[in-house]
Amino acid sequence: MSVPQTPTRRSQRFQPTATPSSKNNNILQCEWVGEPIFTRPCNPELDLLAEERDEKDKGDDDDDEETEEEQEVETVFYEAFKMKRKATSYRGTKRMKVAKAELQTYRVGDTVMIETDTLYFMKKPPSIGVIVAMWETRRKGAEHQGGAPTMRVRIHWFLRPTEMASIRAKREHEENEIYYSLSTRVVLTPSVILSKCSVSSSLKDKDEEIFPATPSKRKNGSPLKKNIRFVPYSDDDSDKDENIADDPDKNFYCRLAVDSRRGLFYGFGWERHRRDALLRSKSPPGNAGPSSQNNDVWSEGSFWDLVEKGKKPSAKAAPKKAKTRAVETSESEADDSDEFEASEEESNDDGDEDAAEMSESDDGEPEDDHDEFGGEPRTPSRKRKRVETTTPRKGKRNKTVVQPTPHSKAAIARRRKVTSSPRKRTTFAIRRPEQSLTFQASMAHVPKDPWLRSMHALHVASRPDSLPCREAEYERVLRCVGELLEEGSGGCIYISGVPGTGKTATVHSVVKELKRMAESSEINPFTYVEINGLKIPEPSAAYNLLWEGVSGHDVAKDGHLRLSAKESLKALMQYFTIGNRGPGGHACVVLMDELDQLVTPKQDVVYNFFNWPTLVGSKLVVIAVANTMDLPERVMTGRVRSRLGMIRINFQPYLREQLEKIVAARLTSAKDGLEEEEGASKVVIAPDAIKLASMTVSRITGDARRVLDICRRAVELVVSTKTTVKAPHIREVVQLLQNSPTAAFLRDLSFHERLMLASLVKCVKREGVEEIKWSEVQHQHLTYMNVLTSEDDPTRKPTAAELTMVLDSLVSSRAVVVEDGAAIARKAEGERRLLLNIEQGEVEKVLSEVGGTRWRNVLCN
């Protein structure tokens, strides 16, 4: 029996998915205008919504044989429709409904405002798009249905600057300026259309003075001009709303196209492109005229797409047997000093070069000419082709060819230096971090005293911009994440290592470098989200943080979204599986720190975070950081491990030499900027003292934070006398740490009490969660009896009642917390859960010192 294959889903990334703000309660009237202009068999990939395609795929799996009625579904195209809905005010962040009703007629080529942010409490401005096709699907021979639920429109998107990736090269923009996307389209229902709007490349102020092509600079990237009046396109439109020209919220300015995934801008003239696209996409003369392939090209709206100069369109956007000529529009970027001046001759010349490239197939032979709908296919001779490439006919143009702006050309050149593609394998260039440490927290407020500055530099909260002794791990993490961003694909990177080995600090250094590269246009732009399992109340709260990041919500300005975890999960599932809700559709890098705390009994949170990057077009890169290397094998189920992938990076504990280098580097950075008379030559910690502290820590855990803490406390002992820290000072600090109240309590415990704590620590490491069942601790306790007792001194295994007495002793001293309550009392005794109430690292250290080598080996494994 053959296993049914998962249906291929066409990715709708890099475009917004519109959603109506209500269940069509605002729609008072919606119907077609005029007779159908074209009818063809239904193409589910082009004519149905994503939800409808999913339902159809499920129906096809259930019913192998379709009835004739289900097979004979046709798509009927129209020229216009009219819709009457309650008007909406767009001023401010809170969008309010107005009692006034508007009746507007929408045609192909009209620019419209679309609702895309129904999950936001504070409404964001609506998205902008242009209508490229409109239709409804019905059974062959059925009567006209009409109505908003059955009507469909195809929208080609514009992008607001706020809808693009948060980490990208910033550029100045005018107020209400938008960018035309290269080829992002989506199928919507008319109910999400709010109103018509005006988009223009011409910009005038109240005094009718034309603004220069290069706007004045602003350091904060804010809009450059307010109270601007835009000049709408001058095409004849009898239904045009005269109030649009006077409404600043419905007038937009567009003179650049953008590839939001790569963050590149292209010269673009909207009015001219709209006029040419309308000419190219004229209605077919009849149902029998065009071929089925050309029908799809016409109905999917590919005539409104843009093609980068020198690149051939994809086979889907422009089939080989429908390759046509292209015309180029050229306009400088806002930062360029030249104004937009593109003559028809220059456009034709540039279009000729691309037409010559597109006129031949891969084997060098010319393709059949199907450019004009209704025409017969003809194979042109070489002589005819030479004439056409010099003077292409206007009817032959298929797409507008654009070229990058000067700044985007420079960005492309920089990216070529960063990456190379030998044999189609991307090699990501690595910029090594500087050897000298510069701390994120400036030392400007610290007095010019070497001892005080050393104490500040040795504090574990002082994070350096680069980590010594982690250069290899830094390069590997940077290369893995950078290549995923450049490829435009998703993936998971699992980073493991014992605490204090620089995992999180290395990832922060990598993210800082990636941000620098994205802001300088060396890599694709992205959005960064950090989720720490110890800083959220419950694992499901991670959904809220991720949704705020991918949706572009400004938490610092507007606060957190008032959404439940279930609503955020639903939005994320639609975002990654059905279609992209974010207009920019950019990549997203997520750091999941303290992954151990996000593991739940059902493991649904980690499964979703590891599964979303595997979806086609998700562009989600997950960096998971945990303290144990075998956490996936011990805790996670097979379905979760299979989504994790093969990219795993393990951070080994620091060696003595590495710990010495870390302390010495921090002490050196503390003296940067000090003069000779201020103590630049003073020795704060002697080399032998650093060596002793490093040796003491490396024998136990290899935790860099502990050696920094020991050295900092040693400096505190001598700061009043301004003497150098020597080996005796280090021994004194180590003795104080070992004689802490917690350490003294652990040393005074009985053998079985210490053994029960070791069993609880082992279960926590194995399960990956802090709450452990009492039955599992009992089983581990009895297992350790065979390992930690010698033959010369045999110890009788305790009974269940005796183990309960040992547990009661630990609970009474608050070393262990036991689950309690009326509901717990009805459970079996073995189902109660225990929680270690002492720092796990200190328990391991003290028990290893007291028990010796055998205990140390057990606790470290």
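## Strands and salt bridges in a predicted model

Residues are numbered from 1 along each chain as its sequence is written, and side-chain values use heavy atoms, with hydrogens and water left out.

Let's stay with E6 for a moment. Helices (H or I, at least four residues) and strands (E, at least two) are DSSP runs, numbered from the N terminus. Two strands pair if DSSP finds at least two bridges between them. E6 (residues 111-114) is joined to E10 (residues 193-196) by three bridges, and the two run antiparallel. With strand E7 (residues 127-139), E6 pairs over four bridges, again in the antiparallel sense. There, the bridge partner of Val 112 is Gly 129.

Which way do the residues of E6 point? Thr 111 and Met 113 point one way, Val 112 and Ile 114 the other way, and all are buried. Buried means under 20% relative accessible area, exposed over 50%, and partly exposed in between (1.4 Å probe, protein chains only).

Now for another sheet. Strands E27, E29 and E28 form an open sheet in that order, with antiparallel pairing. E27 (772-773) and E28 (816-818) stand at the edges with a single partner strand each, so one side of each has no neighbour in the sheet. Three bridges join E28 to E29 (residues 833-836), and Val 818 stands opposite Leu 834 in E29.

Next come the charged side chains. A salt bridge is a side-chain nitrogen of Lys or Arg within 4 Å of a carboxyl oxygen of Asp or Glu. The whole structure holds 23 of them, including these:

| Pair | Closest N and O atoms |
|---|---|
| Arg 470 and Glu 473 | 3.3 Å |
| Asp 709 and Arg 713 | 3.6 Å |
| Arg 712 and Glu 716 | 2.9 Å |

Arg 470 and Glu 473 are both buried. Asp 709 and Arg 713 lie in helix H20 (residues 704-718), four residues apart, about one turn of the helix. Arg 712 and Glu 716 are also four residues apart in H20, so about one helical turn separates them.

Arg 713 is partly exposed at 34%, and Glu 716 is partly exposed at 37%. Asp 709, Arg 712, Arg 713 and Glu 716 are linked in a network of salt bridges.

Methods. Predicted model: local features only at pLDDT ≥ 70, side-chain atom pairs only at ≥ 80, totals over all residues.
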